[in-house]
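Here's a walk through a single protein model. Have a look at the fold, and then let's go through it piece by piece.

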Amino acid sequence: MIPEFTAETADQWRGAVFFGLAAVFIVAESLFPDRPRAMTRRQRWPGNFLLVVLGGAIARFLPVGALAGAALFAHAQGIGAFHWLTSAGIGVPVWAQWIISLLVLDFAVWAFHLAAHRIPFLWVFHRVHHADPDIDVTTALRFHPGEIALSSLYKAGFVIFLGAPVLAAVLFEMILNGLAMFNHANWRIPPRIDRILRLFVVTPAFHRMHHAMETGHNRNFGFCLSIWDQLFGQMVVPTADRAALQIGLPEYRATRQHSPLALLVQPFVPPPRDPSQKSLGDGPLRSCAVPLCSAPWSAFTKVESGFRLNVL
Ligand SMILES: [Zn+2]
């Protein structure tokens, strides 16, 4: 642990990385767009930005809202698996603590995301993220304050349980934030590069499938590493014709439903019924029209439930 490293220092690092990467990806998605927009930025961004500001405030003011605070707390108290192992004479090398911490935290985030799609109480908060009719950099940050608070406490619990190195916790938070903006950005990466990247990392095309009605928003749960979806059979290969995908939820297609106030109250109001469509928005479990695939290198084209998957 670096003595002079404080939660304030971590905030400055996170802020610099956040604003730097956000600017880069906003420019990238403007220059190399992947899909046409369903709504204008003026219609979506005020609500999304409000949630960004509220989410940042929670991370700043919740006692362990930022993972650096949780890691500093564990070190100050001498608690957590790595500390206990050291006390028992079983020293874990620092490099191993880093690798274990980064992998465990990423798996924990994957598991929380899966749970958010399976447990109704979590889904009504996570639904705010999925109701976005488009997907771009701001979608990566469009999380209801209720979900931010719950997920922050959950991640902090893992950091404290591990007694994770402070800088590893800070790095993980920056990677998570940066990769979320990377894979939500509406930009097109050359297919050959995407195929290599998605062996290990969640790419924009990979994550786009998670937001598609065709997958029931029920596949590709990873934010950083794609290995968890592959290991646990939750992965679908990105389709080449992503412009044809329907992003969002059918009950939330009206502009007024994406105003700042509407997003804040959405978890507490039942979704409107759309008689023309099968409801996707009021339950965490929805059917997936796309066949599961256990390996990213599988090349197949399959027609199922009317949805044709042309593999990217
Ligand atoms: Zn999700």
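Let's start with a term: a residue is buried if 20 or more other C-beta atoms lie within 10 Å of its own, exposed if 12 or fewer, and partly exposed in between, with C-beta atoms placed from the backbone. By that count, 43% of the 312 residues of the protein are buried. Keep in mind that this is a predicted model, so local features need pLDDT of at least 70 and side-chain atom pairs count only at pLDDT 80 or more, while totals for chains, interfaces and linings use all residues. Numbering runs from 1 along each chain as its sequence is written.

The protein has 12 helices and 2 strands; these are DSSP runs numbered from the N terminus, with helices being H or I of at least four residues and strands E of at least two. Going from the N terminus, the order is α-α-α-α-α-α-α-α-α-α-α-α-β-β. As for contacts, two residues count if their C-beta atoms, placed from the backbone, lie within 7 Å. Among contacts between residues at least 6 apart in sequence, 76% join residues at least 24 apart.

Now find helix H5 (residues 94–118). Its 25 residues should span 36 Å at 1.5 Å a residue, and its end C-alpha atoms are 36 Å apart, which agrees; the expected span is 1.5 Å times one less than the number of residues. The buried residues of H5 include Leu102, Leu105, Trp110 and His113. Packed against the buried residues of H5 are helices H4 (81–87), H6 (120–130), H7 (145–162), H8 (166–184) and H11 (227–231).

Pro165 sits in the loop between H7 and H8, and it is buried, with 22 other C-beta atoms within 10 Å. Beyond residues up to four places away in sequence, Pro165 touches Val94, Gln97, Trp98 and Ser101. Pro165 and Val94 are 71 residues apart in sequence, yet 8.0 Å apart in space, C-alpha to C-alpha.

What about the nonpolar core? Such a core is a set of buried Ala, Val, Leu, Ile, Met, Phe, Trp, Tyr and Cys residues joined through C-beta atoms within 7 Å. The largest one has 66 residues, and Leu67, Ala68, Ala70, Ala71, Val159, Ala169 and Met181 have the most contacts inside it. The largest share of this core, 9 residues, comes from H8. Leaving aside neighbours within four places in sequence, Ala68 is in contact with Ala7, Ala10, Val166, Ala169 and Val170.

Arg44, Gly47, Asn48, Leu51, Gly55 and Ala59 are its buried residues. They cover an arc of only 115° around the axis, which puts them on the same side of H2; the arc is that of the directions from the helix axis to the C-beta atoms. On the other side of H2, Arg42, Val53 and Phe61 are exposed. The cover over the buried residues of H2 includes H7 and helix H12 (260–265).

Finally, how far can you trust all this? pLDDT is the predictor's confidence in each residue, from 0 to 100. The protein averages 83, and 85% of the residues score at least 70. Confidence is highest in H5, at 96, and lowest in strand S1 (residues 301–304), at a mean of 34. Over residues 289–308, pLDDT stays under 50. Where pLDDT is low, the predicted coordinates should not be read in detail.
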